[in-house]
Structures are given as structure tokens and as C-alpha cells.
Number of protein chains: 2
Amino acid sequence: MAAVTIESIRAAAARIAAHAHRTPVLHSRGIDALAQATLLFKCENFQRAGAFKFRGACNAVWALDDATAARGVVTHSSGNHGGALALAAKTRGIPAHVVVPEDTVPLKVAAIRAYGASVHFCEPTLAARDAGAERLVRETGATLIHPFTHPDVIAGQGTATLELIEQAEPLDALVAPVSGGGLISGSAIAAHALAPELAVFAAEPEGADDAYRSMQRGERVTDVVAATICDGLRANLGAVNFAFMRAHAVTVLPVSDAETVAAMRLVFERMKIVVEPSSATVLAAVLRHRAHFAGRRVGLIVSGGNVDLDHLPWQ
Amino acid sequence: MAAVTIESIRAAAARIAAHAHRTPVLHSRGIDALAQATLLFKCENFQRAGAFKFRGACNAVWALDDATAARGVVTHSSGNHGGALALAAKTRGIPAHVVVPEDTVPLKVAAIRAYGASVHFCEPTLAARDAGAERLVRETGATLIHPFTHPDVIAGQGTATLELIEQAEPLDALVAPVSGGGLISGSAIAAHALAPELAVFAAEPEGADDAYRSMQRGERVTDVVAATICDGLRANLGAVNFAFMRAHAVTVLPVSDAETVAAMRLVFERMKIVVEPSSATVLAAVLRHRAHFAGRRVGLIVSGGNVDLDHLPWQ
């Protein structure tokens, strides 16, 4: 298993401090009343490039030595990681190449280009994404920054929980979305280093429930074909990420897309913040799986805010 | 002129501290680059009841003596002040009556009811609103809390600028929307007490430009029939509010609805916060009237976030 520890998360926090935002923690009396719990929302939708992904990408980019960095970075991404890596590369003044599935939300493609990266389209399969990224590595000498298995990415993602616990402790539980598993891995490592008794939950769409099935079966399930409106949560869980989830006894909480859309609307209405569907899974999970949270102080990672405002999902 | 001073604003701040949020000040690199200025957004969309109006209503409610308070409060409002007064009355456990024009946004009517106030519909004219409120005062013995001329309301609204200057000083300029003029009056009084050189601007829809015309003409213009998507900015400027605007040499900056909608969308996309059209006028004004703001540090009061999410104006 890749070595990601609280020390590497603290090192990541120091490395990204000059570039990433320390995002606020918001709270809503109205939503607390609905959930019958105290919910503390770590607002990574306010993070640079609009999502927590900037933390991991920034850490990975700035961890490279100068000679390696100068050759640039490559990744594949259905959106937020691509934008995040593009911006992170820009903060260091190095080239970035992003392999993007053809079905990616246009807003996210535009963001990647706006940050100055080269966009390379591929078929929307994991194999095509991997192949495209490997070809770019061969051709350019750039370093592959995998969106969720790279240890520096996982450590960077963990910095959100490091901050959240400083801002909102004591917490009884933590909920983050799971897709490839970079965020949940970093979150669990940070959480248990600082608060060993804290219960860690992963919110996952029912239509992309490979993490749920993997944890139930005790081995990684890789044949789930994602069907969910949560465009940020369609990746399959990484092997290293699955290992971290088992090591930290993460409980996966499935949510339907309808529950996610209702939660997303509630966040817009009551909290007055813009979140993408993936981010709303955490509130959907708290509202559906109430027995885990009633009467407790719960930290929720609001993962991002990059939503197509012309096509909000309740419309 | 009603006596509203920095002392009454400071007293209001102390009076409402236990009930109102100290809202955050947000900042966007992307929007700064577009505006070529440093913009500090005071996020009253995160205020309780979703708008700055809670500050004034709360101050007015808690300034009443116990016997008077027990008879309740009355107001007329096209929306946010009604919700704010309803919630303020609830914090003190007293009755609230709100006279509401029939064409008010349904979301705002629902909010007033949700806070426990009695809603009384009237025709959408100022005369009908006044008559309805006066009748309720006679019938119930409750105290009329006018939405923008009441000195305790003006003092309460000024607390947003008091906080903003503490959070973001030094500022070169301040921009707030103008409708009846409660917010701009309180803002100008607070701003000039703390920073006499600070330039104070009012953003106003071209379709409801009575404040602009009044300031140009040097006397209050009361015959403008409002036609704007900014449902919070359709009231005519109050006499006392006009006097404060003149005393503080407030410059009114007109904006078109199209400019407001574009600015509103920009705030959703870049800042990831939900704002109502009225709130977006301030950014629209900064982007249109660039000569006043280029290279300066500008505070903007984001007045509220109570928008109908089923009918966003760019859709």
C-alpha cells in the first residue's frame, strides 16, 4: 500500500498553503433541524478550481523536483481533477496535459482549457483513458499524476479533513463522497490520526456502487458500469484506495440520484451555496441513513461546485 | 431627519449579536481579474432568513419595550423584510403580521408563513400596502415596523457595513443596492463614520430608477413605476432615506436587468454562492461603471439569496 500518513498529509498542507484556500465551514440551522444532527459543511466548492481536487493536484505538482516538473504533468479525468491539475501546473509554470472522456461536462472541459492545459479527448472507458495518458507520458516525458491512486494526491485530499477537524472539532462522524477513492482515503487517514474514534462514512450513488459492493464482498469489484447524474463519481475504486477503506473500516452509504437531487436543492435553498451533484451525496446519505447520525456532530466534505447552471438537475 | 448615527448602529450591533449571523466576506480572483479591482463581497445571502433585512428587523423588534413588544409587530413587504420581521418576532416570541402584495414571489410568502407570521394579501400598490398595515395596527395594537424608513431598521442595516469594514478594511469604495433606501442609508452612515473618505455608491435597476432621478433632480421622484426582475428593488425611495443619501453624497449607478442577470450568473459560477437578482446589481454596477472602481478596494453588500430556483433568470 502506498505510504500515506498523517505526516505526509501535514507535509501536503504546508506545501499547498501558499496556493490553496483554507475553505470555510458552514452550518445551517434549518438543515440541522431536518437531519436532527449538527452538520458542519467543509466547503470545498469554494476551493480554487471549484473542488477539493486542487489540494491533491497541487501537492503532487509541488512535490516534484525541478527537473521532473519542467517536463510537465499528465492525467486523465472526467473533469475536476483535470481542471485542478491544470491550475496546479499553472501555479508552478509547467505544462499540463489532460486526457478527457468525450462525454465530459463541457463546463469542465472549458475550465481545463482556461487554466492553460492541453486537452486530449478519448473514448469514455477507463482503458482508453489509461492508454491516452500513457501515450502522452511516452511522448512528452511528463509525469503521470493519477487522479486518485497517487500517494501525493491522496495526501493532498486529506488536508481538507485536517482543516475541518481544526475548524469544527470535536466531530463524531465524517462523511465524504467516494468514487476512485482519493478523497475518502485521505479523509480517513487524517480523521483517524487526529480522532481515532471518529466514524468515517463514504456516500456513493446507487448507480455507481462499486465501493459498496467491494466492501460487502471483501474484494474489489471492478465491473460496475456507472449510471448516475453524479458526473464526479463515475470512476471505479482504485486498489490502493480500497485497501485504505478496509484498513479504516469505512462504511459506504448508498444514495439514489433522486435523494441526491433533493439534497442538492436543499443546499442551494437553505445554505445559499452552489454545489455539484457529487457533493450533495453526503447530505443525502445523512438524511437517508439517519440512525448513524442522529444527535451527533457530523463533518461533511462538500466536494465541489462545478455544475452546469443551464441544466440544474431538478429542472 | 430620523436620528441614525454610528452610535445607534453600534447599539444595533450589540442588540442583534445573539440572533444575527456575522456573515463572511468572500473574494474571487476570477472576478477581480474581470473587474480590474479588488472586490470584497459581504455575504448577507448567508444571513438568517436569507437577507440583510434580518438585521434591521431584529434591531427594531428587540428595541421595543416588553409591553409594546407583547402586542406584536406589523409591516408590509414584497418579501425579504416580511420574512425577516417574522423571524425576528419569533426570536422574541411575539406575534407578527405581514401585508404582502399579491404579486410577491411565492417562495418569499412561504418563508414568511414558515416563520410563524400571519400573511395578509393586498393589491400591489404602495397605497394598498400602507392602508393594510395601518388597519392591522388599529385592530391589533401592534407596532408598525416600516421596511426602510424606521430608524431602528436603518441602524440595523448599517451593521452589515460596520462588520464589513472590520473584516476587510481599508476600503476605497462601498456599493449597496438601493430600493426604499434602508440599506444604503445605514451603509453610508456607518461607512462615513468609520472612513470619512470612502466613496459610497448605490446600485439601482434602470427599470426602477427613482433614486437615480431623485439625486439628479435634487428632489424626491415618486412616480416611477418599477419594471425590473429585481423583485427586492421595486419600492420607491423613502423621504428620510433620500435625505440620508444627499447628506452622504451617494452616487447612484444604474444597471440594466441584462447586466444584473449576467452578474448574477457570474456570482453563481465563480463564487459558488446563491444570490437573488437584487444582490447582483452591485457587481453589475462595478462591471459597468469601471472608472469609479479600477484598481481600488471595493466592498459590495450582497443583499440576499432568496431566489426561485425553478426559474433562474438566465434560463
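Visitor: Which residue stands opposite A:P177 in β8(A)?

Guide: That one is A:A203. Before going on, a word on the ground rules: this is a predicted model, in which local features need pLDDT of at least 70 and side-chain atom pairs count only at pLDDT 80 or more, while totals for chains, interfaces and linings use all residues. Residues are numbered from 1 along each chain as its sequence is written, with chains lettered from A and ligands numbered from 1 in the order in which they are written.

Back to the strands. β7 (residues 173-177) of chain A runs parallel to β8(A), and five bridges join them; for strands to count as paired, DSSP has to find at least two bridges between them. Helix and strand names follow DSSP runs numbered from the N terminus, with helices being H or I of at least four residues and strands being E of at least two. β8 (residues 199-205) of chain A is mostly covered, with six of its seven residues buried. Here buried says that 20 or more other C-beta atoms lie within 10 Å of the residue's own, exposed that 12 or fewer do, and partly exposed is in between, with C-beta atoms placed from the backbone.

Now zoom out to the domains. Chain A is split into domain 1 (6-51 + 154-302) and domain 2 (54-144), with bounds from an automatic or database domain assignment. Their centres, taken over C-alpha atoms, are 24 Å apart. Where they meet, 20 residues of domain 1 of chain A are in contact with 18 residues of domain 2 of chain A, contact being C-beta atoms, placed from the backbone, within 7 Å. On the domain 1 side, α1 (6-16) and α8 (151-168) of chain A each supply at least two residues, and α8(A) gives the largest share, six residues. That side of domain 1 divides into eight nonpolar, eight polar and four charged residues. In this scheme Ala, Val, Leu, Ile, Met, Phe, Trp, Tyr, Cys and Pro are nonpolar, Asp, Glu, Lys and Arg are charged, and the others, Gly among them, are polar.

Chain A also has an open sheet of four strands, in the order β5-β4-β3-β6 with parallel pairing. Its edges are β5 (118-122) and β6 (143-144) of chain A, each pairing on one side only. Two bridges tie β3 (residues 73-76) of chain A to β6(A), the two running parallel, and A:V73 stands opposite A:T143 in β6(A). Lying across β3 and β4 (96-101) of chain A is helix α5 (residues 80-92), at about 170° to β4(A); axes are lines fitted to C-alpha atoms, for helices over the stretch in contact, and angles run from 0 to 180 degrees between N-to-C directions.

Over in chain B, helix α6 (residues 106-114) has B:K108, B:A111 and B:I112 buried. Down the axis of α6(B), these buried residues fall within an arc of 100°, so they line one face of the helix; the arc is that of the directions from the helix axis to the C-beta atoms. The face turned away from the buried side of α6(B) carries the exposed residues B:P106 and B:A110. Covering the buried residues of α6(B) are elements including α5 (80-92), β4 (96-101) and β5 (118-122) of chain B. After α6(B) comes B:G116, with a positive phi near 95°.

Finally, the two chains touch: 14 residues of chain B are in contact with 14 residues of chain A. The chain B side divides into six nonpolar, four polar and four charged residues.
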